[in-house]
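Thanks for making time this morning. I would like to walk you through one model, so please have the viewer open while I talk.

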Amino acid sequence: MHPQPKDDEIFSSWLCRIAQANGLKLHTLEVQVWGRKKQIWTRDIDRSIDDATLARVAELSGTPLDRARETCLQSLEGKLFERLVVKSNSDWVLPSGVYHRKRRRHAMQFCPLCLAQDASPYYRRSWRLALSTFCTVHDIMLHECCPSCEEPVAFHRQELGDRWTSRIIW
């Protein structure tokens, strides 16, 4: 399966949808694409995606590289901020506070109505921005955490696929 990025989709969400469409856990997808030496979830991948990693995902999914770049926060350089800071805070980008794949801060906001109404739910790049506080479609405040446990959003930690039977088909 080769899901293409949706409008305003952020890279991490797109990668999760690729894994899910192929019946894989994210870690399995990561190992199949990059091997065991590259671990992309131990950092804020939406802030730190490198060109080689992005190009590999674009190639395997049949997505034009320019379209794949639109999923990245770096594509906002020169528009929203001069330069995206990778290892520290960057203007207008909500920090995730990554520690061993766990997100400690409320970096990913979301509109529950958008996610409920999407045929294939996905997270928007604009939801990572500090200047986004409400959904422009539903005119409601964006949520910044799970309403039940108040933990930060971590959609990348869902267990998807069956490790014994799944395999990726590009």
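Let me begin with a convention: a crossing is called left-handed if the near helix is turned anticlockwise from the far one by less than a right angle, and right-handed if clockwise. This is a predicted model, in which local features need pLDDT of at least 70 and side-chain atom pairs count only at pLDDT 80 or more, while totals for chains, interfaces and linings use all residues. Residues are numbered from 1 along each chain as its sequence is written, and side-chain values use heavy atoms, with hydrogens and water left out.

With that convention in hand, the crossing of α1 and α4 is left-handed, where helices are DSSP runs of H or I with at least four residues, numbered from the N terminus. The two helices, α1 and α4, pack at an angle of about 40°, and their axes are 12 Å apart; here axes are lines fitted to C-alpha atoms, for helices over the stretch in contact, and angles run from 0 to 180 degrees between N-to-C directions. That angle makes α1 oblique to α4, given that under 35 degrees counts as roughly parallel, over 145 as roughly antiparallel, 65 to 115 as roughly perpendicular and the rest as oblique.

Which residues meet at this contact of α1 with α4? On the α1 side they are F11, W14, L15 and I18, and on the α4 side L54, V57, A58 and S61, with contact meaning heavy atoms within 4.5 Å. Seven of the residues in this contact are nonpolar, one is polar and none is charged.

Finally, R67 lies in helix α5, residues 65-69, and is partly exposed, at a relative accessible area of 22%. Leaving out residues up to four places away in sequence, R67 touches P5, K6 and D7.

Terms used. Nonpolar A, V, L, I, M, F, W, Y, C, P; charged D, E, K, R; others polar. Buried < 20%, exposed > 50% of the residue type's maximum accessible area, 1.4 Å probe, protein only.
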